[in-house]
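Hi,

Here is the structure I promised to pass on.

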Amino acid sequence: MFFNVLKAKDLVGFDNGNFEKNVLMADNDSTLAVIALKKGEIIDTHTSICDAAVYVLEGEIELHFDAEKFEVDKGQILMFKKDKEHKVVANKDSKFFLIKI
């Protein structure tokens, strides 16, 4: 996979009923993954052991942190600190990078 030019949004599809995740790179706790969520799908409340960022390739997702909600559209990035409890909701069919460092 290294030294190849890839179309990011083609690295994961909407093939089954659950969200799709393709881990592109991983080193210890750091990862680069691309995730696909169908409209209305939810990744339940969880915490990350690393600082993280999501970059939306297509669609729109919401990230919920306690009482705060952030809508992240195509071309936008949201960064957050580790140990922050959150959930993800797809407002549209969406694909996004998840970067954990």
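Below is what turned up, going from the core to the pocket and then to a hairpin.

Keep in mind that this is a predicted model.

Let's start inside. The largest nonpolar core has 16 residues, and those that touch the most other members are Leu37, Val54, Ile61, Leu63, Val88 and Phe96. Six strands each supply at least two residues of this core: E2 (30–37), E4 (52–58), E5 (60–65), E7 (77–80), E8 (86–90) and E9 (94–100). There's also a second, separate core of seven residues, with Ala8, Val12, Leu24 and Ala36 among them. As background, nonpolar side chains tend to be buried together in soluble globular proteins.

Next, the largest pocket, with a volume of about 190 Å³. Its lining is made of 16 residues, and Ile35, His46, His86, Leu98 and Lys100 are the closest to the centre. Which strand gives the most to this lining? That's E9, with three residues. Strand E3 (42–46), E4, E8 and E9 each supply at least two. By type, the lining splits into ten nonpolar, four polar and two charged residues.

Finally, the hairpin. E5 pairs with strand E6 (residues 68–73) in the antiparallel sense, over six bridges. One to find on screen: Leu63 has Phe70 in E6 as its bridge partner. Two residues sit between the strands of this hairpin, and Asp66 takes a positive phi near 50°.

Cheers

How values were computed. Residues are numbered from 1 along each chain as its sequence is written. This is a predicted model: local features need pLDDT of at least 70, side-chain atom pairs count only at pLDDT 80 or more; totals for chains, interfaces and linings use all residues. Side-chain values use heavy atoms; hydrogens and water are left out. A nonpolar core is a set of buried Ala, Val, Leu, Ile, Met, Phe, Trp, Tyr and Cys residues joined through side-chain atoms within 4.5 Å. Buried means under 20% relative accessible area, exposed over 50%, partly exposed in between (1.4 Å probe, protein chains only). Helices (H or I, at least four residues) and strands (E, at least two) are DSSP runs, numbered from the N terminus. On a 1 Å grid over the protein atoms alone, a cavity is a set of points where a 1.4 Å probe fits but cannot get out, and a pocket is an open set with protein on both sides within 12 Å along at least five of seven lines; lining residues have an atom within 4 Å of a point. Grid points are joined across faces, edges and corners, and a volume is the space filled by probe spheres set on the points. Ala, Val, Leu, Ile, Met, Phe, Trp, Tyr, Cys and Pro count as nonpolar, Asp, Glu, Lys and Arg as charged, and the others, Gly among them, as polar. Two strands pair if DSSP finds at least two bridges between them.
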